[in-house]
Amino acid sequence: MGRYVARRLLQMIPVFIGTTLLIFLMVYALPGDPVRGLFGDKGGSPQVIAQLRHQYGLDQPILVQYWHYMKNMILHGDFGTQIASGRPVTDVLGDAFPVTLRLGALAFVIEFVLGIALGITAGLRAGRVTDNAILLVTLLLISVPVFVLGYILKVVFAFNLNWLPPNVNDSTNINELLMPAIVLATASLAYVTRLTRTSIAENLRADYIRTAIAKGLPKRRVVGVHLMRNSLIPVITYLGTDIGALMGGAVVTEGLFNIQGVGGTIAQSIVRREGTTLVGLVTILVIVYLLANLLVDLLYAVLDPRIRYA
Amino acid sequence: MRGAKSAKWVAIAAVVALGVTACGGGGGDKGSDSKAAIDPNGKFSVEVGEPQNPLQPANTMESNGSIVIKSLFAGLVDYDESGKIVYVNADSIDSKDNKTFTVKLKSGWKFHDGTPVTADSYVKAWNWAANPANKQTNSFWFSDIQGYDDVAPAKGAPKADKMSGLKVVDDSTFTITLSKPIPYFVYKLGYEVFDPLPESFYKDPKAAGEHPIGNGPYKFVSWQHKKQIEVAKFADYKGPNAAKNGGVLFKNYTSLETAYEDLKSSNVDVLRQIAPKDLPVYKTDLGDRAVDKAYSAIQTIAVAFYTKQWKDIDPKVLQGLSMAIDRDTITKTVLQGTREPATGWVAKGVLGYQPNAAGDVTTYNPAKAKELIKAGGGVPGNAISIQYNADGGHKEWVEAVCNSITKATGVKCTGDSKADFQADLNARDAHQVKSLYRSGWVLDYPFNSNFIRDLFGTKSDGNQGGFSNKKIDDEIAAADSASSLDESEKKYQEIEKQLPDYMPSIPLWYYKVNAGYSDKVTGVAYAQDGDPILTGVQVKK
């Protein structure tokens, strides 16, 4: 087990270098210059532009820039400085990540609890009315685009019923975060439901379940321990990759509800060609993604005793 | 069908009703609901985005930061609605030759930290900001002052760290000597760049950018990044524009749509702009709290004179293209009435604005357009393209303008879309524009030279199309050396009258503020630059 984890952690290094380098090069390839962009239509004094470009090392070759950036990041935990605001990128990250974490966590809880509950209900009643109804609802949730769903929820719950505030002004307020979290969770929730349902329905016919029932175990134990433990493997795989998606992929939802999280910051950094901010954000996302995947693989062993890591 | 029809009538009724109130409105919005009790200590919120730069007066070029800076700092002068100078911190600014200006400050002014505002607060701040080592984005604003070239030479190391043109006479007096006379220099002094800085600023300019200390009507309270900036009324403020409210919360919004939703559910009080999506309904939604007013900015189609196509063009061709654009229809339909057809190059609300300066060049006349293009030798290649940035909402009107030109004259016209503003600027700076490009201009100071000299002078920063005409350059020089402000204004007006003969750009339309406010506030007015005048807003009890 320990060797397996060590090997996986070592594998992260090339992935980490590859992604950061790729993103660095991609930002560099985009037309436009973050320093020139500060001046807009009016043009600025060439002396100041030159000074700024020098300060941020933009007058050096791209690979040298990348080298300096990585050196500072790994040795000093310094992600560079945002060009427009002059703030350290770590501060910018520190602003954005807690917001997204809160939103992501809330969405994750919703999709986990609701998704699995619905999936089990549907799986145990496979082929009956409840199953069909849940099937229909999940189909609907998958097919409705996020912004449509967000807008409908806003009109109904914020403007007509006045139950919830339409937008987020304070991300620590759970009332404000509830609606965006629901929107963010819906699509994944539907997938989780479907995966759980199929898996449960299939395993219900497996030999070991029949044995368990024949042993005279109570139904709660059959479903809760024997059935769920085996059926959740594909679901856990999906949930693991979904953590990454919840973190970085919430651009649309964030924009819709005025949430100043990671997604919006990424989009803004691309528009302003803030390469350092972008690489910093993505680096952390990559790490989150890799760790989540590792965790999932380790969970397999816990859930299925047949899986062993040497 | 029936529903749609009645909805149309409601909309028309609303527009008519608004038209009536708008005529009566103007500056007198304060009178409309004066019955409501006012809370002089009430705070209200304004929609802004996260300021891009630290809050240092000379480092703020974009609108999100400048509205905050304007509330925290007070400069020497400001402008009234017609573009006239109002003294704020200055008691007088006198000059005999338009080259040396003597500034006398009002006495008793204090920064928010209690230190007095002296002549040195200004001189030191300007010298600091002009120094390229301090990397202030607006530093070139000091280039008119004598000695700027020594502090910020185009090449090589700086020879001095103080501009020789600035001299402190006593605590409340200093003189500014320019490198050459500019009759309207006082106008430039209204820009935030020329604000004073307290002594504490220089200890740690970076920290001061996060926690600015100014001398304006509001003092800084807190800045929660990407959430809100709070400022409170400064009780010791001595200027003419003391706050009529207790303070302002600048609330951070990432999109105009969400801000508008929050306005409707009373989570934000004052908006600066309405999203295109909400334009068709905002007047019905807000009633007399909807704002629709011209401000001093203009949209033009500029010409890349460095291209083969336009190098030695007969201006008649450009006149023809201009007359082929149906501005009235496009502003009403595609732009939903958010713009007003331009009739010249200088925008409204600016001193020296003259109605119909461009003559008939900006009126739609397809027959004459065709004739002029033919007389000028035709458009080389018989095809043009208009470059624009796709992220600025320009696509629709560029297509409409192109259609109008093609329909009227048969000249093939296409939009040349650049992914975003950065890419657009990049192509302009590198002189890679293929034919024509979109170019907007918001005023820096309300004097007509800002729309002529800074755009069409051969060496001006804003002249990115390479327009160069010796006669215009000479006349600009003459207007700049005029003996008085009035004379300079008149000379610039004359230059504007001649511009149709050279067509440095094709004027399209003036911008309008389309905004709104909640029913918690009253007295909301908008200035020439399109921003709400925060100090005048009153909060209801």
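Author: Before we start, two strands count as paired if DSSP finds at least two bridges between them. Helices (H or I, at least four residues) and strands (E, at least two) are DSSP runs, numbered from the N terminus. Residues are numbered from 1 along each chain as its sequence is written, while chains are lettered from A and ligands numbered from 1 in the order in which they are written. The model is predicted, so local features need pLDDT of at least 70 and side-chain atom pairs count only at pLDDT 80 or more, though totals for chains, interfaces and linings use all residues.

Reader: Okay, over how many bridges do β7(B) and β8 of chain B pair?

Author: Strand β8 covers residues 173–177 of chain B, and its pairing with β7(B) is antiparallel.

Reader: What is the order of the open sheet of 3 strands in chain B?

Author: Its edges are β1 (38–39) and β18 (521–522) of chain B. Strand β19 (residues 538–540) pairs with β18(B) in the antiparallel sense over 2 bridges, with B:Val539 as the bridge partner of B:Val521. The order is β1-β19-β18.

Reader: Switching to chain A, how many helices and strands does it have?

Author: Chain A has 310 residues, and its C-alpha trace spans about 85 × 60 × 30 Å along the principal axes. The secondary structure comes to 13 helices and 0 strands.

Reader: How far apart are the axes of α7(A) and α8(A)?

Author: The two helices pack at an angle of about 145 degrees. Residues that meet include A:Leu149 and A:Phe157 from α7(A), and A:Ile182 and A:Val183 from α8(A). The axes of α7(A) and α8(A) are apart by 10 Å.

Reader: Which helix supplies the largest share of the side of chain A that touches chain B?

Author: The contact takes 36 residues from chain A and 38 residues from chain B. On the chain A side, α2 (34–37), α3 (46–55), α7 (146–160) and α12 (262–271) each supply at least two residues. The largest share, 6 residues, comes from α3(A).

Reader: Last one: which element of chain A has the lowest mean pLDDT?

Author: pLDDT is the predictor's confidence in each residue, from 0 to 100. Chain A averages 84, with 97% of the residues at 70 or above. The highest mean, 90, belongs to helix α6 (residues 129–143) of chain A, and the lowest, 76, to α2(A).

Terms used. Contact = placed C-beta atoms within 7 Å. Axes fitted to C-alpha atoms, helices over the stretch in contact; angles between N-to-C directions. Buried ≥ 20, exposed ≤ 12 C-beta atoms within 10 Å, placed from the backbone.
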